[in-house]
Amino acid sequence: MSTFLDLQDTIYSSSSAKTVGSVRAIVGLTLTVNGLEAVAGIGSRCRVQGRKGFIDGEVVGAQGSDLCLLPFGNWEGVAVGDPVELLELDDMVFPDESWIGTVVDALGRPLSEYSRLPRPRRKSSVKAHPPGAFERKQVGAKLETQIKCVDVFTPICQGQRMGVFAGSGVGKSTLMAMLARNTDADVIVIGLIGERGREVQQFIKEDLGTEGMARAVVVVSTGDEAPLLRKQAALTTTTIAEYFKTQGKQVLLLLDSVTRFAMAQREIGLARGEPPTLRGYPPSVFSELPHLLERAGPGREGEGDITSLYTVLVDGDDMNEPIADAVRGIVDGHLVLDRRIAEQGRFPAIDLQRSLSRMLPGCHSPEEFEITKAARKALGRYADMEDLIRLGAYKEGSDPRTDEAVRFFHAASPFLSQQRGEMIPASQSFAEMYRMVLEAGIEDPLKEFFEAAERAALEAPVQ
């Protein structure tokens, strides 16, 4: 009996033991620690006991016997020689059904006003790996967004990943809110990464609203927070979406923005000594992006799917800047918001000629695809002649195809504009688009379908 008690005492004492090192140097945001090199690795969490309290950090680099830590905040009050404790299993979040309707920070802690009831916790690592290529299902059925230009021209399917590319102030957040309110999904997980502090409550209370918040989990990391927290917020957002996916739910993941995630990773990479490459971005940025984005998509058999939209804030409206170019090569389609269209008063300001969905044509029925193709062709014809038309260099009647395109554009442009709270079923959008195609004098895109139906009716045996 005494041997058992001695063993029990040993277990209890070892479970409460702490692994502690010490601060060796502090340069900017980088804190150098020694004494933990044998037990801590990249990604390990540590707690520094400074003169103003405890500050948590993460190991982001190692050189010899020194570990490089960055803080989830700042190192104010920390001095050389202060103790540094290694934390075990601290990179976990514990999402469950009670998180729906709440707002959390980058570490999964509830923010004021949006509290939740305590429940049994199931831990989830924020640094999970994407499913294997042969473990996934295929992309599912079309997801109706009730946004006219999206449903007709750039449809989204269950498990698809889309990028939303735009400069600042062109309507990305409003489009994301419309998708959150209108899209038929079981759970919506929204990550506001590096967001302006004053806009967080505006987005939640005005753009998202009570109806959208009732089935949403919002992760917030404002622009004044440390780069490690901004990066962590994107990982936490994806982890929450993965949890609900494993419960068999259809999840809509909205991350605003992946550019600020990349900027946070740039600060982390430069702080740990990586060489800058394209526009100052270190190589780790371009390896972290696919790892993050590939975690979304179709789930395994028996699971739900994560349909995701990632906003990309392009510098100077340059759609070929490094982050935009990298994201465009990873996702399954993109929506380009154009400042010129926004200035003309059409919202969402989607440039239909530069936007595409890689799920076409299979995402549409054959009839829907023919309507979309006819409409897109007419809009493309107008775009080619727009400068001449505006200058008065083109005279009506010079070219029948251009006349049809002009008539169609004048009808379609106001139709494609949509208010924030407006919801239009996809079937109604296609019916209206088909009507405008015919009224513009364009050849009936469904003529062959009607003729085939008539032939089938004539050839059918009389009962």
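This is a predicted model: local features need pLDDT of at least 70, side-chain atom pairs count only at pLDDT 80 or more; totals for chains, interfaces and linings use all residues.

User: Thanks! Why is Ser257 called buried?

Analyst: Buried means under 20% relative accessible area. Ser257 has a relative accessible area of 0%, so it is buried. Ser257 sits in the loop between strand E15 (251-256) and helix H6 (258-271).

User: What is Ser257 in contact with, leaving aside its neighbours within four places in sequence?

Analyst: Ile193 and Thr311. Contact here means heavy atoms within 4.5 Å.

User: And why does Glu454 count as exposed?

Analyst: The label exposed needs over 50% relative accessible area. Glu454 has 53% relative accessibility and therefore counts as exposed. You will find Glu454 in helix H13 (residues 447-459).

User: What makes a negative surface patch there, and which residues form it?

Analyst: Glu443, Glu448, Glu451 and Glu454 form the patch. Patch members have over 30% relative accessible area and no salt bridge, and like charges are joined within 9 Å. For Glu454, the value is 53%. Glu counts as negative, which means the patch is called negative too.

User: How much of the protein counts as buried?

Analyst: Of its 463 residues, 51% do. The protein has 13 helices and 19 strands, and its accessible surface is about 21,600 Å², with 52% belonging to carbon and sulfur atoms.

User: How far apart are the mean positions of the positive and negative charges?

Analyst: They are 2 Å apart, for 52 positive and 65 negative charges.

Conventions. Residues are numbered from 1 along each chain as its sequence is written. Side-chain values use heavy atoms; hydrogens and water are left out. Patches are made of residues with over 30% relative accessible area and no salt bridge: like charges are joined within 9 Å, nonpolar side chains (Val, Leu, Ile, Met, Phe, Trp, Tyr) within 5 Å. Accessible areas come from the Shrake-Rupley method with a 1.4 Å probe; for residues, only the protein chains shown count as cover. A salt bridge is a side-chain nitrogen of Lys or Arg within 4 Å of a carboxyl oxygen of Asp or Glu. The place of a charge is taken as NZ of Lys, CZ of Arg, CG of Asp or CD of Glu. Helices (H or I, at least four residues) and strands (E, at least two) are DSSP runs, numbered from the N terminus. Buried means under 20% relative accessible area, exposed over 50%, partly exposed in between (1.4 Å probe, protein chains only).
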